[in-house]
Amino acid sequence: MTLAPSSDRATTDASEGRRSRRGVGSPARRAVARSPIGYLFVTPYALLTIAFGIVPSLYAVQLAFTDADGGFAGLENFTKVIDDFRFWPAVLHVTIYLVIWLLALVFFVVGLALMVHAVGVRWVSTTLRFVYYLPGALAGASSVLLWLFVLDPTASPVSGLLGAMGLDSFVQVIQPGHLPAIFAIIAFWTGAGGWIIIMYGALNNISTEVIEAARIDGANAVQIALRIQLPMLRKWVAYMGVMSLAAGTQLFVEPQLLSQASNAVVPNDYSLNQLAYQYAFQQNDFNGAAAISLILLVVALLLSWVFVTRGGLFEKE
Amino acid sequence: MAALSTERRRSSLSGWSGRSIIGVLLVVFILFFAVPIVWLLLAVTKSSKALVVDHPFSPGSWSAFAANWHQLFDFQDGAVTTWIGNSALYAIGALVITLLVSIPAGYALALTEFKLRQALLVLTLVVMLIPSTALVLPIFLELNSVGLIGSPLSVILPMSFFPFGVYLTYIYFSTSIPRDILAAARIDGCTGFQVFTRVALPLAAPIVALVAFFSFVQNWNNFFLPFVMLPSSDGYPIQVGLTSLLAATPAFNPSSAGSDSVQLPTLALGTIVSILPVLIVFLFSQRFLVAGMTAGGTKE
């Protein structure tokens with residue numbers, strides 16, 4: 001696909017770098033490279049990839065370009081869903097949500113990981129990571145249910161806070177304008193801790209000699225964080241960006257449950273994913289559903305491409 | 001040594017004010033992450049009236065907890081028990097396959113050369129980026145055509161395809177395992193397979209735990225896939241079952257007030273029960289998670 005040429009280039013760059021450091025075909029590299037187990041080890045994974053990655057994807061492409069009887073439909077399915085009055089609002093909803101969520105994720109996760117890492121007292125740092133991760137156990141429907149309680153002023157633990165913002169009823173809280181932020185908060189609440197742990201691990205992997213050398217050169221903690229730790233986290237931040245973008249375009253369970261709990265104050269076609277679901281299972285139009293899925297796919301791939309090229313995800317070492 | 005460098009780092013932090021800002025931020029986020037959970041734990045010990053009237057952080061009583069417990073597990077003749085059993089079957093089944101498949105694959109991608117290696121890597125990333133509808137609906141049709149819809153396999157097999165785990169393993173093996181160690185093992189006479197099982201795998205214990213953990217959590221919490229694949233309530237995992245509970249809760253769905261209706265504290269208890277296994281696994285894996293990504297082969 002479009003990703004192949006440039007990532008080849010990225011790897012070539014990386015292996016050139018390696019070559020210059022280690023010399024062409026260092027013994028270690030060669031010894032491992034000769035082993036035939038590569039094929040053996042990747043075959044089961046390759047089979048699963050074909051069954052649940054490639055085949056369904058190609059099937060989606062085929063569906064998107066055919067009509068209900070299997071005849072070639074050209075772009076008909078695409079024009080149909082794009083002209084759907086529910087399409088552009090859904091695009092807007094997901095976009096705003098993604099912007100808020102990704103910004104919050106990158107800013108706070110990296111910040112918190114650096115701060116937690118800077119805490120010198122071991123048990124404090126362990127406790128912090130534990131508490132931050134704890135909500136990670138509640139994902140999917142569970143986390144949305146919990147947030148239904150939090151957002152319902154009649155029972156909410158923060159009803160005082162909601163009241164101070166002038167929100168006295170559940171319906172007031174879930175006004176359309178609030179939803180992207182609400183979904184971003186739910187997603188951040190459940191997901192941020194896992195990434196904080198991963199970033200923390202990456203920080204631990206930065207060799208102490210590098211940090212020590214910087215300190216001897218007179219760098220203070222903030223300078224070390226910004227000039228050394230942050231650049232070395234780049235790959236992980238890019239990784240987080242790609243994964244979160246992929247997950248974010250899938251927005252489904254949050255609006256779905258909120259719609260169910262609010263007697264459709266939140267529409268059941270709020271997100272693109274829901275719209276695709278409506279097409280497939282309410283309108284029995286799998287071709288339309290596939291067209292939406294394909295649009296989502298292309299957009300996610302294009303946006304992720306930026307993260308991949310910027311973050312150097314494919315550089316080894 | 002560690003203590004010494006820690007001391008130095010702390011003293012070089014930008015002074016008292018800098019440290020207190022960091023402290024405040026860390027505490028604010030503790031509240032943000034913890035308050036809803038603490039509230040939820042207290043909510044299940046209250047009657048539905050006490051939940052609304054009493055202070056949000058006041059404890060309830062054992063009798064109220066027992067009443068909620070009975071209401072939850074009596075719901076639709078013990079549907080909750082069935083759902084939990086289903087979740088366990090799906091999550092553990094997929095977890096086992098995921099580990100058997102992902103760890104060797106990540107190792108091979110990172111440390112061996114073979115044809116199509118680069119293609120498989122790119123493919124892994126691409127597939128990770130594909131939004132779930134793009135796959136769930138076509139997978140639904142694919143499995144429908146082979147007659148698997150409604151069977152446990154219709155969720156277990158797609159869930160065991162876990163490119164995230166492969167990628168995590170790949171990153172770990174390509175960044176944290178020095179090739180010199182593997183080369184040394186080969187010089188000592190290990191076969192390619194032994195290098196993997198005796199050297200790489202033990203070193204990768206933290207990443208195996210991490211992949212297992214993420215896989216289990218993701219499988220257990222998966223909503224959309226089972227929502228589409230499993231038409232009958234008997235086959236629901238608990239996450240999908242929660243929607244049935246929610247639909248029967250008059251507070252969020254006024255039309256549901258009836259004989260089998262669910263009160264708010266019972267719904268809260270359902271939420272806790274739905275995540276209990278993940279919580280337990282989390283407590284057990286915490287040591288791995290903390291040691292987590294840190295273990296490197298040659299470090300110190």
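This is a short tour of the structure, stop by stop.

**Before you start**

The model is predicted: local features need pLDDT of at least 70, side-chain atom pairs count only at pLDDT 80 or more, and totals for chains, interfaces and linings use all residues. Residues are numbered from 1 along each chain as its sequence is written, chains are lettered from A and ligands numbered from 1 in the order in which they are written, and side-chain values use heavy atoms, with hydrogens and water left out.

**Stop 1: chain A**

Select chain A. It has 16 helices and zero strands. Helices (H or I, at least four residues) and strands (E, at least two) are DSSP runs, numbered from the N terminus. Of the 317 residues in chain A, 57% are buried. Buried means under 20% relative accessible area, exposed over 50%, and partly exposed in between (1.4 Å probe, protein chains only). Now think about contacts, meaning heavy atoms within 4.5 Å. Take those in chain A between residues at least 6 apart in sequence: 68% join residues at least 24 apart.

**Stop 2: the interface**

Salt bridges across the interface number zero.

**Stop 3: a salt-bridge network**

A salt bridge is a side-chain nitrogen of Lys or Arg within 4 Å of a carboxyl oxygen of Asp or Glu. The whole structure has four. Select A:R86 and A:D84. Their closest N and O atoms are 2.8 Å apart. Both residues are buried.

Move to helix α11 (residues 208-216) of chain A, where A:E212 and A:R215 sit three residues apart, about one turn of the helix. Their side chains form a salt bridge (3.4 Å, N to O).

**Stop 4: aromatic rings**

Rings of Phe, Tyr and Trp (its six-membered ring) pair if their centres lie within 6.5 Å; planes under 30 degrees apart count as stacked, over 60 as edge-to-face and the rest as tilted. The count is 49 aromatic pairs over all chains. Select A:Y97 and A:W101: this pair is stacked, 5.8 Å centre to centre, with 15 degrees between the planes. Both lie in helix α5 (residues 87-118) of chain A, and both are buried.

Then pick A:F252 and A:Y277. Their centres are 5.6 Å apart and their planes at 65 degrees, so the pair is edge-to-face. A:F252 counts as buried at 3% relative accessibility, and A:Y277 at 12%.

Finish with a cluster linked by ring pairs: A:F107, A:F108, A:Y132, A:W147, A:F188, A:W189, B:F29, B:F32 and B:F33.
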